[in-house]
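Colleague: I would like a close look at one part of this model, taken slowly and with its surroundings kept in view.

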Amino acid sequence: MDPNRLKGKNILITGAARGMGEANARSFAQQGANVCIGDLDLDMAQNVADEINAAGNGEAIAVKMDVTKREDNTAAVAATV
């Protein structure tokens, strides 16, 4: 895997505190992306972000996000950018 393929890219992933979303976040970060972990469970999202940051390639932040709420979507996009 190329550790610089996504370097400088910011990616928002919803439902990223576990499962497929978490796997995608980790994969994108390993490729150099900065990822925003969006999930209803902020504690779990923060754990994933902390682990990604500790790994040392891409950077991660966590945001509480309910995709059914426009204001959560707007805030998550702003945090990602």
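Colleague: Which handedness does the β-α-β unit made by β2, helix α2 and β3 have? Please also walk me through Asp39 and the strand in which Asp39 is found.

Modeller: Bearing in mind that this is a predicted model, the unit made by β2, helix α2 (residues 42-55) and β3 is right-handed. Strand β2 spans residues 34-39 and includes Asp39, while β3 covers residues 60-64 and pairs with β2 in the parallel sense over 5 bridges. Strand β1 (residues 10-14) also runs parallel to β2, to which 5 bridges join it, and within this pairing Ile13 stands opposite Ile37 of β2. Between β1 and β2 the chain passes through helix α1 (residues 19-30), and this β-α-β crossover, too, is right-handed. Because 5 of the 6 residues of β2 are buried, the strand is largely enclosed by the rest of the structure.

Turning to Asp39 itself, this residue counts as buried because its relative accessibility is 8%, which falls under the 20% cut-off. The bridge partner of Asp39 in β3 is Lys64, and Lys64 is also among the residues that Asp39 touches, together with Val63 and Met65, once residues up to four places away in sequence are set aside.

Notes. Residues numbered from 1 in each chain as written. Predicted model: local features only at pLDDT ≥ 70, side-chain atom pairs only at ≥ 80, totals over all residues. Heavy atoms only, no water. Helix = DSSP H or I, 4+ residues; strand = E, 2+ residues; numbered from the N terminus. Buried < 20%, exposed > 50% of the residue type's maximum accessible area, 1.4 Å probe, protein only. Contact = heavy atoms within 4.5 Å. Pairing = 2+ DSSP bridges. Right-handed = clockwise from strand over helix to strand, strands pointing away.
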